[in-house]
Amino acid sequence: MSSTTTDTASSVDVVLIGGGVMSATLGTLLRQLQPDWSISVFERLGSVAEESSNAWNNAGTGHSALCELNYTPQGADGTVDITKAVGVNEQFQISRQFWSYLVENEIIVSAKSFLTPVPHMSFVWGDDNVAFLRKRYEALSQHPLFSGMEYTEDTAQIKQWAPLIMRDRPAGQKLALTRSLRGTDVNFGALTRLMFTYLASTPACTLHTQHEVSDLVRNGQDGWKLKVKDLRQNTQREVNARFVFIGGGGGALSLLQKTGIPEARGIGGFPVSGQFLRCTNPDLIAQHHAKIYGKASVGAPPMSVPHLDTRMIDGSPALLFGPYAGFSTRFLKQGSLMDLPLSVRADNIGPMLAVARDNWALTKYLIEQVLQTQSARIKALQDFIPDAQAKDWELVVAGQRVQIIKKDAAKGGVLQFGTEVIASKDGSVAALLGASPGASTAAPIMLNVLEKCFSAKIPEWTDKLRQIIPSFGQKLARHPELCDEVFDKTTQVLGLSQ
């Protein structure tokens with residue numbers, strides 16, 4: 001979706017920087033809560049959803065911790081901690097409620113174009129890993145958010161649930177698999193385009209593609225003055241905004257630094273690129289219908305957990321395996337090689353050097369991944385599909401992710417995974433940094449933006465927020481009946497019954 005709008009409004013209530021799922025979600029929420037506010041969206045590329053939100057630039061997993069083993073770490077005493085898994089699943093239920101509201105209120109016609117039911121599975125081999133998965137299952141299956149999860153060590157059952165991973169598998173391997181039929185595949189690009197189509201159709205909302213925000217400074221009043229370049233016409237203008245959201249993926253860091261807000265001091269970024277093997281054999285694609293996650297290699301970042309993924313993109317099934325990590329100094333897939341060097345400042349060089357010192361295992365892992373041959377990638381795939389053949393797979397480059405580096409009193413600096421909202425004290429500007437689970441939890445992340453930046457408006461907005469998110473202000477994990485009610489309702493509205 002591109003825009004050729006000629007609107008030249010010099011002053012608006014809200015500016016959203018970046019045409020991804022985060023800006024689309026925040027804009028749609030604000031349009032429900034404050035329909036009289038004017039909104040301008042600026043996207044550097046020729047259409048929206050072309051960076052991290054693009055369907056081919058992410059795994060499309062509806063991250064709900066049903067299968068992602070990195071959300072359930074095992075302690076030294078052997079116990080499995082499900083705290084993060086419960087939190088991630090809770091967040092995903094908020095996204096489901098938000099999407100259901102969009103469908104019920106005809107903001108989007110149907111969820112079928114972006115949301116597909118796909119079983120989520122965890123697959124491991126070896127005695128220690130099987131013992132871990134069994135403990136994980138025992139801990140999660142008792143929780144209302146993980147109701148219906150199944151576990152098996154029976155090879156015949158595994159073959160029935162996931163035949164492709166059992167073809168020609170050596171006899172005698174100790175295997176285990178969990179399955180949840182609550183899983184989904186999400187085309188975040190399609191979802192993003194649907195929301196922006198809605199926003200662009202509403203009064204006082206303009207979408208500007210091929211427009212780059214190069215700078216923003218305090219305007220001396222109660223907001224910000226932005227320098228915006230029209231890349232088509234090679235012209236520049238200034239736009240004043242009372243509130244600015246910087247949602248430009250990896251590119252958000254540089255603009256956050258330009259704000260000069262104290263909250264941005266000491267923050268750096270560590271870019272990690274991703275690659276997938278994409279199946280080119282329709283027969284293989286047809287034989288697999290699941291998202292199967294394994295265990296990450298020692299030293300691998302959490303975002304590099306290997307998985308064999310059924311995708312549904314623009315109505316066509318696909319099959320991906322990966323990710324294989326890489327390294328580039330770009331902060332965006334279509335960014336500049338100078339992104340990382342230019343992000344180094346006097347206030348963040350200390351934390352960045354500390355992270356470099358303390359993360360040799362990650363550095364070694366990335367070097368190995370960069371130097372990896374295609375035959376080595378196929379060998380990793382064969383852990384999941386024993387008879388995989390190189391001729392059936394092609395390497396594709398996925399999106400760029402930038403992990404957060406922050407100051408730490410003890411270590412000097414730490415590398416932080418996940419996402420974080422950085423907002424000014426007065427709430428006039430906010431930026432989203434980080435990566436996974438990212439898009440899956442866009443709705444709760446944007447609720448966090450509202451609470452940080454519009455705290456005085458929350459009491460006025462609460463009734464409407466509860467219409468949009470029925471569980472707003474409550475934890476589903478603590479209210480099993482509400483949890484079941486919300487899940488059943490969203491399953492029906494979103495057409496997710498299997």
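Modeller: Let's start with a working term: a residue is buried when its relative accessible area is under 20%, exposed when that area is over 50%, and partly exposed in between. Keep in mind that this is a predicted model.

Colleague: Thanks. How does Glu394 come out on that scale, buried, partly exposed or exposed?

Modeller: Glu394 has a relative accessible area of 33%, so it is partly exposed.

Colleague: And for the protein as a whole, what percentage of the residues count as buried?

Modeller: Of the 498 residues, 57% count as buried. The fold is made up of 14 helices and 19 strands. The radius of gyration is 22 Å, close to the 23 Å that the globule rule gives for 498 residues, so the protein is as compact as a globular protein of that length. Along the principal axes, the C-alpha atoms fill a box of roughly 70 × 50 × 45 Å.

Colleague: Let's go back to Glu394. With which residue does Glu394 form a salt bridge?

Modeller: The general idea is that side chains of opposite charge can pair when their charged atoms come close. Here Glu394 pairs with Arg278, and their closest N and O atoms are 2.9 Å apart. This pair links distant parts of the chain, because Arg278 sits in strand E12 (residues 268-279) and Glu394 in strand E16 (residues 393-408), 116 residues apart. Arg278 counts as partly exposed, because its relative accessibility is 21%.

Colleague: How many salt bridges does a search of the whole structure find?

Modeller: The search finds 16. One of them joins Glu104 and Lys489, with 3.3 Å between the closest N and O atoms. Distant parts of the chain are linked here too: Glu104 is in helix H2 and Lys489 in helix H14, 385 residues apart. Glu104 is partly exposed because its relative accessible area is 46%, and Lys489 is also partly exposed, at 40%.

Colleague: Which residue is the salt-bridge partner of Arg357?

Modeller: Arg357 pairs with Asp358, the closest N and O atoms being 2.8 Å apart. Arg357 is partly exposed at 46% relative accessibility, and Asp358 is partly exposed at 39%. Salt bridges can also share partners: Asp185, Lys291, Asp309 and Arg311 are joined into one network in that way.

Colleague: Now the backbone. Which residues have a positive phi although they are not glycines?

Modeller: Ala65 is one of them, with a phi of about 65 degrees. Ala65 lies in the loop between strand E2 (39-43) and helix H2 (83-104). Ala65 counts as buried because its relative accessibility is 0%. Asp314 is another, with a positive phi of about 55 degrees. Asp314 is in the loop between strand E14 (307-313) and E15, and it counts as exposed at 60% relative accessibility.

Colleague: Which two residues are joined by a cis peptide bond?

Modeller: The thing to read is the omega angle. Gly322 and Pro323 are joined by a cis peptide bond, where omega is about 0 degrees. Pro323 falls within strand E15 (residues 316-326).

Colleague: One last item: how far apart in space are Ser110 and Trp99?

Modeller: Their C-alpha atoms are 9.6 Å apart, and the two residues are 11 apart in sequence. Ser110 is placed in the loop between H2 and strand E3 (115-117). With a relative accessible area of 28%, Ser110 is partly exposed.

Key:
Residues numbered from 1 in each chain as written. Predicted model: local features only at pLDDT ≥ 70, side-chain atom pairs only at ≥ 80, totals over all residues. Heavy atoms only, no water. Helix = DSSP H or I, 4+ residues; strand = E, 2+ residues; numbered from the N terminus. Buried < 20%, exposed > 50% of the residue type's maximum accessible area, 1.4 Å probe, protein only. Rg over C-alpha atoms; globule rule 2.2 N^0.38 Å. Salt bridge = Lys/Arg side-chain N within 4 Å of Asp/Glu carboxyl O.
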